[in-house]
Amino acid sequence: MAKFVINQEYSPEAMNRVLTVPNVISFLRICSIPYLAWLITQHNMILALVVLAISAFSDCLDGYIARRWNQVSKLGQILDPIADRLLIICSTLALAIANVIPWWALVLVVLRDIIMAILVVVLAQHDYGPLPVNFVGKAGTALLMLAIVSLMIVYAIATESMFLLYASALACGVWGIVLYWYAGLLYYRQAYVLLVNSKAKSGM
């Protein structure tokens, strides 16, 4: 049986259920991400912002439904962060293709998530589930999303009055990447402790 390391903020009583309303909403949100990315590459920022707003609302909605009607599931706890990661990666990729952000920003974001994915696989080999989400990771994700939305607004309006918002978006992006990587280091430290303890127990 997998030893799930789950943040208590989500729920300590996650069930082994697949077909739930929150899971369907999360799945649909994931399916909308390629369309959102395509809209960004086509510089259709207004429609992309609408899709992004619907996605953000659905993210809040599935969490509310899961808690209100006791539909919290282990699958949902996996789908939700996957949707967040895919949204950031695909949006960043689309913005790079649209020449809105430099490619090095995309590389830093994707490289960090690849490392985290490898870490999850390694933990799974030792029968551990997802690591708890920390505040630094949430802050980094929030800043990256704020930067993405702000850049989309800037390029949707495309006026000189948007310079301040553009500068703020770049600052959010830079700090978001910094916190993103710092959170990754914290996750690595947690995983290292778990793996060391697991090795020590197996050697007893």
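Contact here means heavy atoms within 4.5 Å. By this criterion, and not counting residues up to four places away in sequence, isoleucine 153 touches Leu49 and Leu165. The model is predicted: local features need pLDDT of at least 70, side-chain atom pairs count only at pLDDT 80 or more, and totals for chains, interfaces and linings use all residues. Residues are numbered from 1 along each chain as its sequence is written, and side-chain values use heavy atoms, with hydrogens and water left out.

Isoleucine 153 is found in helix α5. Helices (H or I, at least four residues) are DSSP runs, numbered from the N terminus. Accessibility is sorted into buried (under 20% relative accessible area), exposed (over 50%) and partly exposed (in between), with a 1.4 Å probe and protein chains only. Isoleucine 153 counts as partly exposed because its relative accessibility is 28%. Between isoleucine 153 and methionine 116 there are 30 Å in space, C-alpha to C-alpha, and the two are 37 residues apart in sequence.

Helix α1 covers residues 21–41. The expected span of a helix is 1.5 Å times one less than its number of residues. The 21 residues of α1 should therefore span 30 Å, and the 31 Å between the end C-alpha atoms agrees. α1 bends by about 25° at isoleucine 33. A proline, proline 34, follows within four residues. Buried residues of α1 include Pro22, Asn23, Arg29, Ile33 and Ile40. Among the elements that cover the buried residues of α1 are α2 (45–68), α3 (74–97) and α5. Histidine 43 follows α1 and has a positive phi, near 60°.

Two asparagines in loops also have positive phi. Asparagine 70 is found between α2 and α3. Its phi is about 55°, although asparagine 70 is not a glycine. This residue is partly exposed, at 48% relative accessible area. Asparagine 99 sits in the loop between α3 and α4. The phi of asparagine 99 is about 60°, again positive in a residue that is not a glycine. Asparagine 99 is exposed, with a relative accessible area of 61%.

Helix α3 holds lysine 74 and threonine 92. Lysine 74 is partly exposed, at 21% relative accessible area. Its C-alpha atom is separated by 20 Å from that of lysine 138, 64 residues apart along the chain. Threonine 92 is buried, with a relative accessible area of 6%. Leaving aside neighbours within four places in sequence, threonine 92 is in contact with Ile101, Ala105, Leu106, Val109 and Ile148.

Helix α4 has 23 residues. From first C-alpha to last, α4 reaches 33 Å, close to the 33 Å expected at 1.5 Å a residue. Its buried residues are Ala105, Leu106, Val109, Arg112, Asp113, Met116, Leu119 and Leu123. These residues pack against α3 and α6. Aspartate 127 follows α4, with a positive phi near 70°.

Arginine 112, in helix α4, is buried, at 4% relative accessible area. Not counting residues up to four places away in sequence, arginine 112 touches Arg85, Tyr180, Trp181, Ala183, Gly184 and Tyr187. The C-alpha atoms of arginine 112 and glycine 184 are separated by 7.0 Å, although the two are 72 residues apart along the chain.

Pockets were located on a 1 Å grid over the protein atoms alone. A pocket is an open set of points where a 1.4 Å probe fits, with protein on both sides within 12 Å along at least five of seven lines, and lining residues have an atom within 4 Å of a point. Grid points are joined across faces, edges and corners, and volume is the space filled by probe spheres set on the points. The second largest pocket has a volume of about 200 Å³. It is lined by 15 residues, of which Ile101, Ala105, Gly173, Val174 and Ile177 are the closest to its centre. α4 (103–125), α5 (135–157) and α6 (163–202) each supply at least two residues of this lining. α6 gives the most, with 5 residues. The lining divides into 13 nonpolar, 2 polar and no charged residues. In this division Ala, Val, Leu, Ile, Met, Phe, Trp, Tyr, Cys and Pro count as nonpolar, Asp, Glu, Lys and Arg as charged, and the others, Gly among them, as polar.

Key. The bend at a residue is the angle between axes fitted to the seven residues ending there and the seven starting there.
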